[in-house]
Amino acid sequence: MDIEEIRKKVEEGLASIKGYEDLERVRATLTGRKGIISEAIDRIKTLDKDKRREYGREINAIKERVEAKLRELKAFYEDERRRAEEGVSKIDITMPGKTPIMGKRHPITQTLDEMVDIFSFLGFTVAEGPEIESEYYNFEALNIPKDHPARDMQDTFYIKDGLVLRTHTSPVQIRVMESMLPPIKIIAPGRVYRCDSDVSHTPMFHQVEGLVVDKHIRFSDLKGIITIFVHEIFDEGTPLRFRPSYFPFTEPSAEVDIGCVICNGKGCRVCKDTGWLEIIGSGMVHPQVFRNVGYNPEEVTGFAFGVGVERIAMIKFGIDDIRQFYYNDIRFLSQF
Amino acid sequence: MTANELSSRLTMRGIEVEAIEEIRPSFDGVVAAEVISVDVHPLLTNLYVCMVDTGKEVYKVVCGAKNVSPNRIVALAIKGARLADGTMIDKREIGGVTSEGMLCSERELGLTDDHSGIFILPEEIKKGTLLNAVEPFNDHVLDINVPPNRGDCLSIYGIAREVGSIVGERPTIPSFEEEVQDMEIDRLIDLNVIDEEACPRYVLRMLKGVTICPSPYLIRERLIKCGMRPINSIVDVTNYVMLEFGQPLHAFDYHRLEGRRIEVRLASSEIRFRTLDGVDRVIAGNDLLICDGNGPVAVAGIMGGENSEITEKTRDVALESAYFNPLFIRKTARRLGIRSEASLRFEKGIDIERVDIAARRAIELMKAISGGTIVKGKKEIWKKREPKRIFVSYNKINTILGVAIDPEDAVNALNSIDIEVEKEQEDGLSCSVPLFRHDIEEYIDLIEEIARIYGFEHIYPTTPSSTAITSKRAKNIRFYTTLKEYFKAAGFFEAINFAFLSQQDLDNLRIASSHPLASSVAIINPISKDYGLMRTLIAASVLKNIAYNLNRGQKNLRIYETGKVFIAKDKGVIEYPSVFFAMTGKEREYFWKGPVPEYDFFDIKGILEGLFASFNIGFSLKRDEIPFLNNSSSAEVIVNDKGIGWIGEVREDVLRLYGIEQKVYCAEIRFDIMMEMGVMVPKYRPIPRYPQVIRDFSFYIDDDIPISTVIDRIKKVSPLIVDVGVFDMFKREKRSVSFRVVFQSFEDTLKDETINALQDIIIRELTGIKGIKLRT
């Protein structure tokens, strides 16, 4: 068979492939051991030496084309068969998926952790103290003597023998100052208790106390730290104001208000038409508090502040009833 | 200045205006008119025909009130006017006379409940005035939250002083005539103050021949706006002047004072005494009393006695104005549980300098309203004190505040609130602090006053130049973070409950009084019986959360809580953090691919295993009876031979008490101990380079052999055994358990012979135990 004849047979053979099952038959007749191409290769040695080279090259080219074509067809028919098979077991992808069971941290914890993060970033260390506290640490050491009207500011839960449920995280200030010398830069997050219960009060709630003591700590520094905190926990542009107030253990004392986020300061029910929301109590540490822990107020000054965690969370999440935090309703907890 | 402006400026001065109440009249179109003439109605003789003049026009009005008389200014409602109850006024015929309108009572205008006659308007209101637009009908009430240390602001005068400081003026007080030296009063009453420490100043003044009547409208309405109840023309004045000057006053019926004397002394023993609210009080030793010749007539500074109070019959009045020591008043008021307007002011300290001024003001006002004659002179005891002198240095002012304040500004600030700067020195200010400022004791108090008046808004924020480098993360925080991350990943919702418990909870949980968990700390003044104890375990709180959620259709729950629990020990209290977790229902209500199993013990145990693994702590369970757990699975959680918690299924009868009708599995662990033992930085172990080999074994194992001991036995066979798991368990006649054992060498590829030899040892070891047989 001359080259042309082989080429013709090959094309005829390839053209006769109509499906996967034809592949093997055609492969055998073309490149199989007794196929046309194999026979043609066997004939090479019977040719004249000068023709051999030319003939061999032609045959090889044909062989390569056949092999490539067969590979291509094989892949094509295999793919076709796979798709046909898979089509039979096609699933309804619109059926519901299996959602993982996800837990949630309580919104108070989330808020508290964020606050701790911000203060940690500002270089504060976390300190802790007991929740059942002595009257001395909760009151006297903080310049709230017995029979002082300031005791009425906080409705206290009393336990026997001069013990109370701490009404604020401020006793931690005293414990820290008693245990070390300045400079001090701490926060004390934790649970506190007051004998009060309504839409805006729960008998237990959370606070983050802050204390900075060193030489040359100024009221302006307090304003600076609080401003950074407020702009971190809320938005950069949140307006805030420092308003004179009274706490027995700080002087001067300042209440910090932020522009009401509900009405943007226009006045609404939440801010009682003032346009402001009270969020932080703060002030310069009272010299008497320093004397109580054996510091010399002529040598060091400091500031302290207390932030209500529920209050921050309520403002952040738009919750209008503090008691929601404590029902532990899954439909509530799953929202945060 | 508008009410809003004033409020915000006061607030920024530390005198916080909490709310502005707008007073708006509920009537409309009512005009002030002068009565010109009053004639009896021609037909109806119980009525009058009055001519009233608004200045523009004269109206004829029929009126039935007895108190209508010429020259009085009254409230006239003419055609088109509306009364408080919505009635529209029009002309109408009354007994043949056309009435062009009506003269209104206070009740008809919605002002008070008084309907005894027509409303005689205050003198200040001129005829022709449309009443809607003027005070006191159109007004603002500022609700001020006076800081606890600022007793001096518990009066109109005190607030006026602050307002004066804002606007650069001084408030004035009424001036009185020069007092005559004739001490007429000496002949009428004796005064004796026995305890001058408790009562450093006491003034008595008298008014004779009064006629008790209702107070004029202006006094009554101001009392009402300030939240007080008008009573009569004498008592109202004592309250009115108290609101004006912050000086509580008390009026006695002179003729009811036995022996015509007043004695101020401490009670020497316990006695009973009826206060004017009709309550019998038990007076204890050291309560300060006002007594007559017979015994107590008032609890000093707190409340007067029924035996000497002003009545309609009172003719002569003895008025007390005094300064009582705040500590005494506070102690007695607290013990008696009385918080009167008077005690509130005495407790915080009043102005000892103005005691007599208030008395004179009150006596004159009483005379103006109730008539009578003022008895000349006064009885007075006064132990005088010097004002406090305090020095504050400029350096302190500037370093505390972080702003350089001009000395002149500082002086002006102090002067504006009546703190006298006696001397401006090179380095600071010597100040004389008036006695009404009980809150100012040292330099820092003056700095606060300067800052407050200078304005906090003028102090610019800085950041501390502190060298504090104590910052270091608390170790505990890492444990808590791990804990919370673990439970979040394990699909648990975090609950936070009040750390309280009730005796009922302890009873519900079958915790006997001898059990360690019953050793709770009681709250002396709990908010309710449900919150009477500090919790000794978290379980009760979360069981209630579960019930709450089940009642709201949430049937599948995984909840955990961490927080402190409190145990009474010896005389003290131990508090430590605990972690509690519970599961009920199933992973999800349904999944269309197949059934979803209900949670069982091994679900909660799995959570416990994962928790301990998170902290790299090993633990075991030991069967134990826990009062509220089902005995079939309840166990103590053991770490290093020490019980640190419990796990199990809550007893059905306990659950029923909480209204829970499905199974609840839970565990509670001492988190303080976990934190002590936890390893937060695990040590790296190389990943083996050689393949592992797996072999399965099945045995019949008697029920009384704990599987954990069998697993331990297999592990002990060779260090090449790196894991033993249970992959099947079923029971027909005997319990069949299948183990999967993983062999692993870190040195080479394990040969079949080695594994086979180990396999033989495992089988020999186990079958050597009584009650275990190989299943073939």
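Biologist: Are E162(B) and R150(B) buried or exposed?

Modeller: In this predicted model, E162(B) is buried, and R150(B) is buried as well.

Biologist: What do E162(B) and R150(B) form, and how far apart are the closest N and O atoms?

Modeller: E162(B) and R150(B) form a salt bridge, with the closest N and O atoms 2.8 Å apart. The pair links distant parts of the chain, twelve residues apart. E162(B) lies in helix 2 (residues 156-167) of chain B, whereas R150(B) lies in the loop between strand 9 (139-145) and helix 2.

Biologist: Which residues are linked with them in a network of salt bridges?

Modeller: The network contains R150(B), D152(B), R161(B), E162(B), R170(B), D418(B), R437(B), D439(B), E449(B) and R452(B). Within it, D152(B) forms a salt bridge with R161(B), and the closest N and O atoms of that pair are 3.8 Å apart.

Biologist: Why does D152(B) count as buried? And R161(B), why does that count as buried?

Modeller: D152(B) counts as buried because its relative accessibility is 11%, and the cut-off for buried is under 20%. R161(B) counts as buried because its relative accessibility is 4%.

Biologist: What are the relative accessible areas of R241(A) and D257(A)?

Modeller: R241(A) has a relative accessible area of 15% and is therefore buried. D257(A) has 2% and is therefore buried too.

Biologist: Changing topic to helices. At what angle do the axes of helix 5 and helix 10 of chain A cross?

Modeller: The axes of helix 5 (residues 107-121) and helix 10 (residues 309-317) of chain A cross at roughly 105° and come within 9 Å. The two helices of chain A are therefore roughly perpendicular.

Biologist: Which residues make the contact?

Modeller: Helix 5 of chain A contributes P107(A), I108(A), T111(A), L112(A), E114(A) and M115(A). From helix 10 of chain A come V309(A), E310(A), I312(A), A313(A), K316(A) and F317(A).

Biologist: How many of the residues in that contact are nonpolar, polar and charged?

Modeller: The contact of helix 5 with helix 10 of chain A has eight nonpolar residues, one polar residue and three charged residues.

Methods: Residues numbered from 1 in each chain as written. Chains lettered and ligands numbered in written order. Predicted model: local features only at pLDDT ≥ 70, side-chain atom pairs only at ≥ 80, totals over all residues. Heavy atoms only, no water. Buried < 20%, exposed > 50% of the residue type's maximum accessible area, 1.4 Å probe, protein only. Salt bridge = Lys/Arg side-chain N within 4 Å of Asp/Glu carboxyl O. Helix = DSSP H or I, 4+ residues; strand = E, 2+ residues; numbered from the N terminus. Axes fitted to C-alpha atoms, helices over the stretch in contact; angles between N-to-C directions. Parallel < 35°, antiparallel > 145°, perpendicular 65-115°, else oblique. Contact = heavy atoms within 4.5 Å. Nonpolar A, V, L, I, M, F, W, Y, C, P; charged D, E, K, R; others polar.
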